[in-house]
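Subject: Structure handover

Hello,

Here is the structure I promised to pass on. Please open it and keep it beside this note while you read.

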Amino acid sequence: DYDKALENSNKVLEIIPEDVDFLYARSVIYGLQNNINNSEKDLRSILALDPENANALNALGFTLSNQPAKVDEAMSLLQKALSLNPENPAYMDSMGWLLFKMGRVQDSITILEKAYHMSNDNEIAAHLGEVLWSSGKKDAAREIWNKGLASTQDSTIIKETMRRLKIP
């Protein structure tokens, strides 16, 4: 119940407006509701309070990676997140996705494959599969998606990616 979660987060933030954990939680809720502007605002608030918050750097970088006019800022944020935690598969996934959005497909595949092998996460599998698919490596994409679905059968992100790309 996103509305209830948002209501509760707002109540806490009225009392403790600079609580980075609740700001982060609320930014995630906003993101799940496709309220990107408020999600971005909360992430920027976190970074104003804690410029070294790697999770906020990563989340904001990933969010901006889907906005062509903001890819340079996304790159800077993700590079900083990775400098703070270079072996974090989620941060690597975000960087791989940004590289894909920038047209650097082979660089994207390299980092996404490394991230996927480190974590076998279904979101990383969705991203890696999409990049492989778009680069013509359709069998490899299907293999990654099938592995992801085998480990997380209810993976909505893999299913949505395949649906969006019209993969039977």
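Predicted model: local features only at pLDDT ≥ 70, side-chain atom pairs only at ≥ 80, totals over all residues.

Residues are numbered from 1 along each chain as its sequence is written, and side-chain values use heavy atoms, leaving out hydrogens and water.

**Helix α7**

Start with α7, residues 105-119. Helices are DSSP runs (H or I, at least four residues), numbered from the N terminus. α7 has 15 residues and spans 21 Å from its first C-alpha to its last. That is close to the expected 21 Å (1.5 Å times one less than the number of residues). Its buried residues are S108, I109, I111, L112, A115 and Y116. Buried means under 20% relative accessible area, exposed over 50%, and partly exposed in between (1.4 Å probe, protein chains only). The buried residues of α7 pack against α6 (89-101), α8 (122-134) and α9 (138-151); contact here means heavy atoms within 4.5 Å. After α7 comes N120, with a positive phi near 55°.

**Helix α9**

α9 has 14 residues and reaches 20 Å, close to the 20 Å expected. Buried here are A141, I144, W145, G148 and L149. They lie on the same side of α9, because they cover an arc of only 130° around the axis (taken from the directions from the helix axis to the C-beta atoms). The face turned away from that side carries the exposed D139, A150 and S151. The buried residues of α9 pack against α7, α8 and α10 (156-164).

**Aromatic rings**

There are two aromatic pairs in the structure. Rings of Phe, Tyr and Trp (its six-membered ring) pair if their centres lie within 6.5 Å; planes under 30 degrees apart count as stacked, over 60 as edge-to-face, and the rest as tilted.

- W97 and F100 have ring centres 5.2 Å apart and planes at 45°, so this pair is tilted. Both lie in α6, three residues apart, about one turn of the helix. W97 is buried at 6% relative accessible area, and F100 is buried at 16%.
- W133 and W145 are also a tilted pair, 5.8 Å centre to centre with 35° between the planes. This pair joins distant parts of the chain: W133 is in α8 and W145 in α9, 12 residues apart. W133 and W145 are both buried.

Lastly, the charged end of K138 sits over the ring of W133, 4.1 Å from its centre. The test is NZ of Lys or CZ of Arg within 6 Å of the ring centre and within 35 degrees of the ring normal.

Best wishes

Note on methods. Helix = DSSP H or I, 4+ residues; strand = E, 2+ residues; numbered from the N terminus.
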